[in-house]
Amino acid sequence: MMDRRAFLKAGSLGLFGSVTWGDALAMRAQAGAASKKNISVIHVLLSGGMSHMDTLDMKPHTRSAFRSVFQPIKTNVAGIEISDRLPLLARQADKYTIIRSATHKISVHERASYLVMSGHEPLATVNHPSMGAVIGKEMGARNELPPYITIPSMTGLWETAGLLPGKYAPFEAGDPNRADYSVRDIKLPMDVDWARMERRRSLLASVDDKFRAYDTSGVFETASSFYQAAYDLVRSPAAKEAFAIEQEPEAMREKYGRTSLGQGALLARRLVEAGVRFVTVSNGYYKWDHHAKVFENLGDRYLPELDRALATLLEDLHNRGLLQTTLVIATGEFGRTPEINVNAGRDHWPNVFSILVAGAGVPGGQIWGASDADGMYVKDNPVEIPDLVTTVFHKVGVDFTKEYHTSIGRPFRVAEGKPLAFLGA
Amino acid sequence: MRACCALILAANAFGASKHEVSFVKDVVPIFTKAGCAGSNCHGSVRGKGGFKLSLFGYEPELDYEAILKQDGGRRTDLANPEKSLILLKPTFGIPHGGGERFKKGSLEYVAIRDWLAAGAKFDSAGSPRIVSLAVSPGEYKLTGLGTRKQLSVTAHYTDGSEEDVTGKVQFSSNDEAVASVSPAGVVTAEAAGETAIMIRTLGQSIAARVYVVKDPPMRDYPSIPENNVVDRYVFEKLRDVNVIPSQLSSDEHFLRRAYLDVTGVLPTPEEAEAFLGSNDPAKRSALIEVLLQRPERAEFWATYFADLFRLGFNESRDKGAKLFYNWLREALLEDRPFDRMVRELMLGQGNLFYSPTANFYFITRKLDPGDVATHISQSLLGVRLECARCHNHPWEKWTQDDYYGFAAFFSRLATKFVNAGSESNVYLRDTGAVIHPKTKQPVQPRYLTGETETEAPGEDVRVKLAAWMTSPENPFFARTIVNRIWRRYLGRGLVEPVDDFRVTNPASNQKLLDTLAEEFVRHGFRIRYIERLILSSRTYQLSALPNETNRHDTVNHSRYYPKRMIAEQLLDALVQVSGVEERFPGWIPGTRAMTIPHGSPADLLAIFGRVADREFIRERDSDPNITQVLHMINGDLLHKKLTSPQGNLTRWLKEFDGRDRELIDRVFLAALSRRAEPDERRALLSQLEKSPAERGEIFQDLTWALLNSREFLYVH
């Protein structure tokens, strides 16, 4: 909690080198955040399920049938160690909390992803909306950009609006790592200029005007509002600007990594800066589902990619003063079996796994909870997914006790857990 | 004097005066009536403020526990009843989040107080319990706004007795804007329309259907020609509610609508010209016959059933899904009797790559009898059993006994899944049991009508279930499928949603629903017969354009309700209009989107809602969204189709060189199945005259506009 005077003081301190520019910006952002909740969320979705024992919860002393080939390394916070394949992230440990005691009971992808994205176990009678859809509905868009965006595209039905109207579904941004990246459909086709677009619109308007008499339910009008929103988006300089990842300095693009995940994280930062409320970044559907050759997969590709993307994201958000208003969550739908299988892989394991959380008041340099000696089950302070999702809503400012009703009137609460105090809730 | 009478009546209502107060019959209903046991209050799953009642009083035993025993019995003070929280809170004697629910000294108050004073006993074992409710009148027309009608409710008990419980039950209106209802059961007409009044107590519920019409019957109500039995019941209802149906649709609209509804494809410009140019007075019925025989009809239906049977996420992937899709297509093509078709589905087993109907059961590799039961009851019987997996249905008769009993028909069914490969099977194990979560005992198979079944050794009990389901006497089966057919053509089910038949969700036209079901059974369970009946009716052929009397009708089919094309229809239509095909990887050139059994091989299909859900049966999302709009106005797909040198437009520009008037009509016919109207034609011709060099672009822009228009995107 910092008032304007305290901020100015901090700013002047910065001149003498004891507070970095990033810190000062962070404080300013925080000063703003204290009065009105203005939190955005970036969910780095490790679809398929990341192995906790090779990443954030190393067990160097477990039996050999379980043990990772990776080694633990020290981080910039005394007493916290993570995998040696995450060296950049190790230097940012003062910015995040690692939950080592996340747990649930679902060991199939679809249902577990549904739980993680919505905070609810799948129930045949309720089609729960995902977090981003609820936030989009309850908080609204900040400007002409959609409030909920997923990069590159939905990994599955768990990223939809559920029973909410389709307009709350995420906008798919496409893969910003493609050389010729542009958001699908946001630019006019090559040989169509605005003059022709106007002619098309006026032709369309004349056909639609005639037909309007057939509409009594307002559904055409709703569609028209989407047309308007779509034109606004296509014409909006702010939207084009936000998606124009090519405007980033080359060095910054390299730093995030020239991968889908890396460029996705960079785009996520641009979108949050531009006012988007909830961004999901993944490197695709079930990409972390390493049933075979888990060490090659993680060591050669997945962890270096994640390391650069996530560590740079945290650093970049911090330097821009955005980390105080941006909640970053990195998790898949579950962890992976401590025991290494015959294909040198690890299988699905929801009983205990790790989640990284940072920003928006989440304490840095914190380990929360613990798994047992073999990484099999929770030893201390179990963390349930509904509580995590409730915490997200709480931080963003969504009334999580609100009830929605299904078409037959069955009520359900937006989130069914309690905010987690250790995350600064 | 009058007040006095009311007092006596009401006093009887809660049993306060004439006999000992019963907890079950007198006290529990108070909490439902006063709103305490509702789903947003103490009746919610978590209760409220630490106090939880069963939803609408369906488990009095739990309520007794909560009131008397939980939290150290702090809610009652038997020595000093008036000091009990259970009285102080609802009368707002002390702060209460729910506010005042009844007054101190009210009949509710007196009943609870007297019950407490008499020792707060639970009813003795074997004392009568409620079995059903009846409401009179069950259906009523209120003429004139502000008109009132008292409903009266009777409860029937296990000992055969009955009681007037009008004063004890909770009344609520499904649509307060149409008709409101007082706590005493007086219905008031608020606006023209129709709704249901729900009546609840002790876990029982019932509904009364109410129509509100503003004026007395019109004296000058026009005479509307009836084509068949469909029209008889639709128009009877419309006359009853003072609504005049729209005019008969134009030939252009009928043509486009019938093509899209029956076959899923647009008429070609040539087909359109032939139909519109014909003077045959019977050309509509002739067209219906032609369309009903087209193979595209079977493909459209197969896609419908593929959605319904969750084929989109069938884990057997391509091969099994294709096999099953083709089986569905063939069955529809030959118009196989639906009872036979379902019996074949119900007995499905064997290898997924060789036995088509095995795929009916193969949704996920781990087969759960409860999931199968839910799926079958919901898709084919219109009964949502799922609630009863975890708790007795709060306002319907379905209990956990029904759920697990129905699941027990599938207790031996299992799957073997080998890497989505040719070894995957659905088979019957030698033994198997479904265990009731409360009794922990194996459950006997039990029909939804309550009778139980036994499975002899070596027998496949699904045979008996299939026979029960498809019997002409089954109360659910025929109604469910005819209602689904009706909805496909007319945009709204007679019961809506189509998979939710229940007492509290009455049909908009019960006589019509019953008649369609009877006709269906009488004509050998043939889907095509019902389609013909619907298509030939004047009801189906009405214009979508509303008149002054039917503008607000959304349930009685006084006009055709426009509906958006589904994703496959839309993509196939874009291909047909543009003449530029869409290539789907793994499929031969010329494949139509409609015939691809699952997956989303094209952006457009995914964007326009081609999702089927593995876990749930779900309606496709027909809400528009911004991604769809962007894709249509700005996307690659349409742009490429409009500018392709191989496309229709490029060809027509040459073919109709110097004949722009005809070319305009050609484009309109291709996209909208009508010719341009004079003002549309005039505007285009003047543009063409002004900028002759832009002829190609102008026609591209015209096609673009037509393909983005509501008139194109909606079946109307």
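Asn242(B) sits in the loop that connects helix 6 (229–240) to helix 7 (251–263) of chain B, where helices (H or I, at least four residues) and strands (E, at least two) are DSSP runs numbered from the N terminus. The model described here is a predicted one, in which local features need pLDDT of at least 70 and side-chain atom pairs count only at pLDDT 80 or more, while totals for chains, interfaces and linings use all residues. Residues are numbered from 1 along each chain as its sequence is written, and chains are lettered from A and ligands numbered from 1 in the order in which they are written.

The backbone of Asn242(B) has a phi near 60 degrees, a positive value in a residue other than glycine. Asn242(B) counts as partly exposed because it has 18 C-beta neighbours inside 10 Å; a residue is buried if 20 or more other C-beta atoms lie within 10 Å of its own, exposed if 12 or fewer, and partly exposed in between, with C-beta atoms placed from the backbone. In chain A, a positive phi, near 45 degrees, occurs at Asn381(A), again a residue other than glycine. Asn381(A) belongs to the loop between strand 14 (378–380) and strand 15 (383–384) of chain A. With 13 C-beta neighbours inside 10 Å, Asn381(A) is therefore classed as partly exposed.

Cis peptide bonds are also worth a look. In chain A, the bond from Ile151(A) to Pro152(A) is cis, with omega near -5 degrees, and Pro152(A) is placed in the loop between strand 5 (148–151) and strand 6 (171–172). In chain B, Ser136(B) and Pro137(B) are joined by a cis peptide bond with omega about -10 degrees. Pro137(B) falls in the loop between strand 1 (130–136) and strand 2 (139–143) of chain B.

Turning to chain B as a whole, its secondary structure comprises 28 helices and 15 strands. The C-alpha trace spans about 100 × 70 × 50 Å along its principal axes. Of the 716 residues in chain B, 47% are buried. Among contacts in chain B with a separation of 6 or more, 63% involve residues 24 or more positions apart, a contact being two residues whose C-beta atoms, placed from the backbone, lie within 7 Å.

Chain B also contains an open sheet of three strands in the order 11-13-12, with antiparallel pairing; two strands pair if DSSP finds at least two bridges between them. Strand 11 (350–351) and strand 12 (413–416) form the edges, each pairing on one side only. Two bridges link strand 11 to strand 13 (residues 425–428) in the antiparallel sense, and Gly350(B) has Val426(B) as its bridge partner in strand 13.
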